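Please keep the sequence and the model in view while reading.

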Amino acid sequence: MRLASGHVAIQLPDDEMKRILKDFEGFSKGLVRLSPGGWVLPAPYTKFADKIYNTKFRASDVVIMTYPKCGTTWTQEVVWTMRNNPNLDHPKASLPVNVRSPFIDSDMLMETGRGDTGQPTFHEEMLKKVVPDADPKEGIALQLTAHIPDPRTIKTHLPFSLMTPDLLDTAKVIYVARNPKDVVLSFLHHSRLIKGIGYIGTLEQYVDYFVKDELIYGPYWEHLREAWPRRDHPNMHFLFYEDMKADPKAELRKLNQFLGTDLTEEQLEKIAHYTSFEEMKKREAQTVLPKEMQSHFKEEVKKKDGGFYRKGQAGGWKSQLNDMQVAKIDIWAKKNSLKLGIKFKHSA
Ligand code: PPS
């Protein structure tokens, strides 16, 4: 199938899908691989791809673009708060992050994870509140994106090539990158927690999926390769998770300039505290894992390994990956990071 972006989407062959389904129980609707780029995405992506690609962005939009688990939600909360809630008194601040700041490509994931009861899902209910006459089949996230008031803060895990080519000339983009060794552990946890992914394999196998570019939204390095050369574009802000972790206030100051929000030092100080790992974790049950979504995640994984906010560390991989896993990622990372000229903190 040819997409508006010019990519061709092909269903993964049966034998490959069979192998993947043994480890990822949630991908029952299949996966597609796009050419060029090798992007791996849930098969329902093809239903929404052209609508996402043809989305009209506005000058007041901020798009937060990341490979999964690189600090998207943190950045969404920081940016939404800076632009909409600078004095921390907004009445809707405890709504789910993805309702205030829609995840434009998430319809394919909701499709994949859609449940068992036949009742309207939590997201469908949320959509009805914002857009009463919307038809959820046309895309919940897409319609939320179209209807939330300006200024919009939009999340995507898609790379530049799957978004409209004039994105950067129209809207502001914040690209967030994170050390792949922490990403793999965070993504592993997420893949076990969320039933729509339903990963039941080992860490060892998951590292293999990662370095073979078989996880959704990958290849990881290709995602970065499309963003890194654009880092000096005036509408682009390139952010490292590790820098936010080391000095959130300094990164918020840079964002204040980039966004033109003109916040005071005191406001930035309060927002840095409000968006710290500990504070965001306290709001987890409202903003990312509301009880209405309980059927979408595995309670036993949450109890054992943590919820959406797992550890929130930079370099946490050092106590969790063994030498063999580190070596596999190093070989793969060295080849790619040298080519790109990008360096991550906490790499060794
Ligand atoms: S997703 O599902 O792809 O949108 O996930 P994403 O939000 O990109 O990444 C989730 C990881 O970011 C951590 N996180 C934070 N770290 C530090 N400070 C704050 N405030 C914060 N908020 C989220 C979150 O805990 C996930 O990382 P891990 O390593 O799994 O803890």
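Contact here means heavy atoms within 4.5 Å. The structure is a predicted model.

**Helix α13 and its surroundings**

- Helix α13 (248–259) consists of twelve residues and spans 16 Å from its first C-alpha to its last, close to the 16 Å expected at 1.5 Å a residue.
- The residues of α13 that are buried are K249, A250, E251, L252, L255, N256, F258 and L259.
- An α-helix has 3.6 residues a turn, so residues three or four places apart point the same way.
- After α13 comes G260, which has a positive phi near 70 degrees.
- D262 belongs to the loop that links α13 to α14 (265–274).
- The phi of D262 is positive as well, about 55 degrees, although D262 is not a glycine.
- D262 counts as exposed because its relative accessibility is 69%, and the cut-off for exposed is over 50%.

**Helices α11 and α18**

- Two packed helices are described by the angle between their axes and the distance between the axes.
- For α11 and α18 (residues 323–340), the angle is about 10 degrees and the axes lie 11 Å apart.
- The two helices α11 and α18 are therefore roughly parallel to each other, as angles under 35 degrees count as such.
- On the α11 side, the contact is made by Y220, W221, L224 and R225.
- On the α18 side, W332, A333, N336, S337 and L340 take part.
- By class, the residues of this contact between α11 and α18 comprise six nonpolar, two polar and one charged.

- H223 is buried, because its relative accessible area is 1%, and the cut-off for buried is under 20%.
- Neighbours within four places in sequence left aside, the residues in contact with H223 include W39, M65, T66 and Y67.
- H157, L158, P159, Y175 and Y217 are also in contact with H223.

**The sheet of β1, β2 and β3**

- Strands of a sheet pair through backbone hydrogen bonds, either parallel or antiparallel.
- Three strands form an open sheet in the order β1-β2-β3, and their pairing is antiparallel.
- The edges are held by β1 (8–11) and β3, each with a single partner strand, so one side of each has no neighbour in the sheet.
- From one strand to the next, the twist averages 35 degrees.
- Four bridges join β1 and β2 in the antiparallel sense.
- A9 stands opposite L34 of β2.

**Cis peptide bonds and a further positive phi**

- The peptide bond from S35 to P36 is cis, and its omega is near 0 degrees.
- P36 is placed in the loop connecting β2 (31–35) with β3 (40–42).
- Another cis peptide bond links D150 to P151, with omega about -5 degrees.
- P151 is part of the loop between α7 (140–147) and β5 (153–156).
- D213, although not a glycine, has a positive phi of about 60 degrees.
- The loop between α10 (203–211) and α11 (220–227) contains D213.
- D213 is partly exposed, with 25% relative accessible area.

Key
Residues numbered from 1 in each chain as written. Predicted model: local features only at pLDDT ≥ 70, side-chain atom pairs only at ≥ 80, totals over all residues. Heavy atoms only, no water. Buried < 20%, exposed > 50% of the residue type's maximum accessible area, 1.4 Å probe, protein only. Pairing = 2+ DSSP bridges. Axes fitted to C-alpha atoms, helices over the stretch in contact; angles between N-to-C directions. Parallel < 35°, antiparallel > 145°, perpendicular 65-115°, else oblique. Nonpolar A, V, L, I, M, F, W, Y, C, P; charged D, E, K, R; others polar. Expected span 1.5 Å × (residues − 1).
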